[in-house]
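Here is a short note for a colleague who is opening this structure for the first time. Please keep the sequence and the 3D view at hand while reading.

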Amino acid sequence: DLDFGLPYRAFGAFGKEGWSFQVGRDKLSWGPGITGNFALGDHLRYHDMGRLTIYEDNFKYTFATSFFPHPSQYYPILEYDNTDPDYGQFVYRRSQDQPLAGMNMFMGHRLEWRLFKNKVGLTVSEAIMFQSSDNTDTDLVEQNNLDTVFDLRFLNPAMIYHNLYIRSNANSLLTLELDYNPVRYVDIYTQIVLDEFAIPGEGGYPGVAPEARPTAMGLMAGAKASYPVNEGMMYGSFEWAKTD
């Protein structure tokens, strides 16, 4: 395949014992899943990303970002057609001479532990998708004094993103992973993802408050094995996943 998105993989990286930093274009995937992972999977050909990793023998911390085109840069092209009476004006406003505006990005941090003589793995990751408002309309900018602003507090690597009350601009996702090696070459794992959840008694509890958003969760369970055979490897896996 050849397209204008090449190269699919090109980055710079540096580091030393205990840490590394990478910036550029590469695949990203968080989790043990074979068919995919909830928070961050390898279904995209690449991410335009930056990643900082700090690690020791039994602990690893990762802070990653991935940037995407803002929907205002491409959705109107899909929505408009040349039979629209304003099509000519639309083409002028969306020409390559117009400055790009808006931000759409993924940001997440991931904490991994290896426990009980490396037999058990525990991982907690939290991620957020942040999108600025569509302010490419010049008249709208002048009327409301809008601007593309990214608050640096969102880049806090220790931030609990669920504590950011910015629903109009962002959506956060919490993932818990657990894996266990009962015998050599075999790994049993599970992954739980939490997108929307309200505790009993909370004002926005589903079924009580009419404005409440429904619970949104996911569960994955699986097992995989790899066994060396001569100079090759025999491997297999079973995986089950469900989102509510």
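The numbered points below cover the basis of the model, its cores, salt bridges, surface patch and backbone.

1. Basis. This is a predicted model, in which local features need pLDDT of at least 70 and side-chain atom pairs count only at pLDDT 80 or more, while totals for chains, interfaces and linings use all residues. Residues are numbered from 1 along each chain as its sequence is written, and side-chain values use heavy atoms, with hydrogens and water left out.

2. Main core. Start with the largest nonpolar core. A nonpolar core is a set of buried Ala, Val, Leu, Ile, Met, Phe, Trp, Tyr and Cys residues joined through side-chain atoms within 4.5 Å. Buried means under 20% relative accessible area, exposed over 50%, and partly exposed in between (1.4 Å probe, protein chains only). The core has 11 residues: Tyr61, Phe63, Met105, Met107, Ile128, Phe130, Met159, Tyr161, Leu164, Ile166 and Ala170. β4 (59–68), β5 and β6 (120–131) each give two or more residues to this core. Strands here are DSSP runs (E, at least two residues), numbered from the N terminus.

3. A separate core of 7 residues includes Leu28, Trp30, Met49 and Ala127.

4. Salt bridges. How many salt bridges does the structure hold? There are 5. The term means a side-chain nitrogen of Lys or Arg within 4 Å of a carboxyl oxygen of Asp or Glu. One of them pairs Asp48 with Arg25 at 2.7 Å, N to O. Asp48 is in β3 (residues 47–55) and Arg25 in β2 (residues 19–26), 23 residues apart. Asp48 is partly exposed at 32%, whereas Arg25 is buried at 18%.

5. β5 to β7. Arg110 and Glu177 form a salt bridge at 2.8 Å, N to O. Arg110 lies in β5 (residues 104–115) and Glu177 in β7 (residues 170–180), so the pair ties together parts 67 residues apart in sequence. Another bridge joins Asp179 and Arg114 at 3.2 Å, N to O. Asp179 is in β7 and Arg114 in β5, so this pair ties together parts 65 residues apart in sequence. Asp179 is buried at 15%, but Arg114 is partly exposed at 26%. Salt bridges with shared partners also join Arg110, Glu112 and Glu177 into one network.

6. Surface patch. In soluble globular proteins, nonpolar side chains tend to be buried together. Here, Leu176, Ile192, Phe197, Met217, Leu219, Phe238 and Trp240 make a nonpolar surface patch of about 650 Å². Patch residues have over 30% relative accessible area and no salt bridge; like charges are joined within 9 Å, nonpolar side chains (Val, Leu, Ile, Met, Phe, Trp, Tyr) within 5 Å. Areas come from the Shrake-Rupley method with a 1.4 Å probe; for residues, only the protein chains shown count as cover. β9 (216–229) and β10 (232–243) each supply at least two patch residues. Met217 sits in β9 and is partly exposed at 32%.

7. Backbone. Tyr185 is not a glycine, yet has a positive phi of about 80 degrees. Tyr185 lies in the loop between β7 and β8 (186–196) and is partly exposed at 34%. Asn230 also has a positive phi, near 55 degrees. Asn230 is in the loop between β9 and β10 and is exposed at 79%.

Conventions: Helices (H or I, at least four residues) and strands (E, at least two) are DSSP runs, numbered from the N terminus.
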